[in-house]
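The following exercises ask you to read a protein model step by step, with a solution after each task.

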Amino acid sequence: MSKSKDNSQKLTYETATGEIEFTLMSDMMFHYVMQNSKTALTGLVCALKGLSPDDVQDILVENPIDLNSAGKETIMDIKLTLNNNEILNIELQVYPDKYWISRSIIYLCRAYDNIGSGDNYSLVKPTTLFCITDQELIPNAEAEFYAKYRLINIKNHHLYTDKFGINMLQLNHTDLATKEDIRNNLVYWADLFKATTWEEFKNLAKNHPDIEEVGNLIFELNYDNQ
C-alpha cells in the first residue's frame, strides 16, 4: 500500500495499491463485510434472488461474529432472515470438498427445521442455501454459472416444492452467465469476489457508490493490526 506523506489525510481503500491480502473470498472478511454493511448484504441477496432492493423490507444476520473473540476460528456461513418470512444460508466454499453434497444437504435441512416443537407446520419458513465457490464441487455436473437445485419428480420433472433448495454461484464460469444473471448483477458480484488487487476493486467500485462502504470495510480489516 502506498502511504500519503500527509499523515493528517485519512487513508481509505481509494489510496491503497497492489495486492489485497484478505479479499471477499476470505470467509472472515466476507462475514465481516456482510454483517457491517446492510447495503452490501442487500445488494448480494438481491443479486442471488433476482430481487429489487425495494423488495427487502428487513434483513437480519442471525450469526454475527465478534472479531475480538473469533481468533483463528473458521466462519463459513452467514445465516439470514429475509423480511421475517424466509431463511437464507450463504456459504462461501473456497477449497475442494469431496463431501460437499452431503454437507450442503445437512446444512440446508438444519436451517429448514426452523419451527419449535408443537408449532404448526404452516409456520415453516422457506429456506435456501446459497453456495458461492470457485471450486468444482459437483462431480460430472455440466458447467454452469448459476445453478438452482430443487426437489422434483425424476420422471416428469414436476416440482415437489420451491420452499427448499440449493443455489450455486460458480465464480469461475462467468462466461456462461445468462442475460438474467447479468441483469441481476450476479456477474458484477462475482467480479467483486474475484478481485485480488486494489486496482481491480477500485475499477469495479467506480460509479457504484454503494460499494464504497465495502471497499472501506475490506481496507479497514486488512490494515487493522489486531
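**Exercise 1.** Find the residues that touch the most other members of the largest nonpolar core.

*Solution.* A nonpolar core is a set of buried Ala, Val, Leu, Ile, Met, Phe, Trp, Tyr and Cys residues joined through side-chain atoms within 4.5 Å, where buried means under 20% relative accessible area with a 1.4 Å probe, protein chains only. The largest such core has 51 residues, and Trp189, Phe193 and Phe201 touch the most other members. Leaving aside neighbours within four places in sequence, Phe193 is in contact (heavy atoms within 4.5 Å) with residues including Thr23, Phe30, Leu92 and Leu171. Apart from this core lies another, of eight residues, among them Leu129 and Phe164.

The model is predicted, so local features need pLDDT of at least 70 and side-chain atom pairs count only at pLDDT 80 or more, while totals for chains, interfaces and linings use all residues. Residues are numbered from 1 along each chain as its sequence is written, and side-chain values use heavy atoms, with hydrogens and water left out.

**Exercise 2.** Determine which residues of helix H7 are buried, and where they lie around its axis.

*Solution.* Helices are DSSP runs of H or I with at least four residues, numbered from the N terminus. In H7, residues 198-205, the buried ones are Trp198, Phe201, Leu204 and Ala205. They lie on the same side of H7, because they cover an arc (taken from the directions from the helix axis to the C-beta atoms) of only 130 degrees. These buried residues pack against helix H6 (186-194) and helix H8 (209-222).

Definitions and conventions
Buried means under 20% relative accessible area, exposed over 50%, partly exposed in between (1.4 Å probe, protein chains only). Helices (H or I, at least four residues) and strands (E, at least two) are DSSP runs, numbered from the N terminus.
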